[in-house]
Amino acid sequence: NYFKAICGIRTAQYRTARSLYFRGEYERCYRWLALAANLGEPTSQYQMGYAYETADQVERDILQALYWYEKSAEQDYPPALYRLGVLYQIGKYVPKNDKKGMELIRKAADLGHEEAIERLEKIETEEKMWQQELQEMQEQLRQQQQQQLQLRAHLPRLQLQYNTFNS
């Protein structure tokens with residue numbers, strides 16, 4: 001693996017970086033991770049974004065985090081698509097854009113990302129619930145309007161009865 005990493009094979013560079021991370025050799029890990037990310041390895045790009053967002057052994061840099069998430073998402077890496085989608089959906093670090101967020105999350109879900117699938121299911125369940133509540137409220141309003149019309153129809157008769165009673 002190390003020989004392949006030295007030869008510039010980006011997946012080997014990512015695996016080398018991962019191995020170094022788990023051994024606690026963070027400085028060397030991030031050098032290998034950066035090499036792989038710069039060569040376009042999507043998992044490395046996502047990991048670089050995550051590291052910069054969470055300040056995991058590197059200084060926090062949101063612009064770098066977004067840059068690497070975007071690079072990874074451009075290659076349809078599901079975790080990057082999902083993370084960017086959530087950031088757009090909630091408006092964290094980027095302007096809130098629910099439509100773009102949903103597109104990214106849906107794409108991640110289509111690629112099998114479990115968290116994206118769960119989030120979409122939750123959103124769809126909530127939308128159905130709101131839709132049902134809206135329909136119930138519309139039905140109540142319709143019934144109230146119908147009752148008002150019925151009362152208005154009886155009003156002249158009631159006024160006549162009132163006038164007759166009071167005269």
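User: Why is Tyr21 called partly exposed?

Analyst: Tyr21 has a relative accessible area of 25%, and the scale calls a residue buried under 20%, exposed over 50% and partly exposed in between (1.4 Å probe, protein chains only), so Tyr21 falls in the middle class. This is a predicted model, in which local features need pLDDT of at least 70 and side-chain atom pairs count only at pLDDT 80 or more, while totals for chains, interfaces and linings use all residues. Residues are numbered from 1 along each chain as its sequence is written, and side-chain values use heavy atoms, with hydrogens and water left out.

User: What makes Phe22 exposed?

Analyst: The relative accessible area of Phe22 is 61%, which puts Phe22 in the exposed class.

User: How many aromatic pairs are there, and why is the pair of Tyr21 and Phe22 called edge-to-face?

Analyst: The structure holds six aromatic pairs. In the pair of Tyr21 and Phe22, the ring centres are 5.7 Å apart and the planes stand at 85°, so the pair is edge-to-face; rings of Phe, Tyr and Trp (its six-membered ring) pair with centres within 6.5 Å, and planes under 30 degrees apart count as stacked, over 60 as edge-to-face and the rest as tilted. Tyr67 and Trp68 also form an edge-to-face pair, with 4.9 Å from centre to centre and 80° between the planes. Of these two residues, Tyr67 is partly exposed at 39% relative accessible area, whereas Trp68, at 5%, is buried. Another group, made up of Tyr46, Tyr50, Tyr69 and Tyr77, forms one aromatic cluster.

User: How do you know that Thr43 is buried, and what is Thr43 in contact with?

Analyst: Thr43, a residue of helix 4, has a relative accessible area of 14%, so Thr43 counts as buried. Leaving aside neighbours within four places in sequence, Thr43 is in contact (heavy atoms within 4.5 Å) with Tyr14 and Tyr77.

User: What shows that the span of helix 6 is close to the one expected?

Analyst: Helix 6, residues 78-90, reaches 18 Å from its first C-alpha to its last, close to the expected 18 Å, a value that is 1.5 Å times one less than the number of residues. The helices themselves are DSSP runs (H or I, at least four residues), numbered from the N terminus. After helix 6 comes Gly91, with a positive phi near 75°.

User: Why does Gln89 count as buried, and which residues does Gln89 touch beyond four places in sequence?

Analyst: Gln89 is part of helix 6, and its relative accessibility of 8% is the reason why Gln89 counts as buried. Not counting residues up to four places away in sequence, Gln89 touches Lys96, Asn97, Asp98, Gly101, Met102, Ile105, Arg119 and Ile123.

Note on methods: Helices (H or I, at least four residues) and strands (E, at least two) are DSSP runs, numbered from the N terminus.
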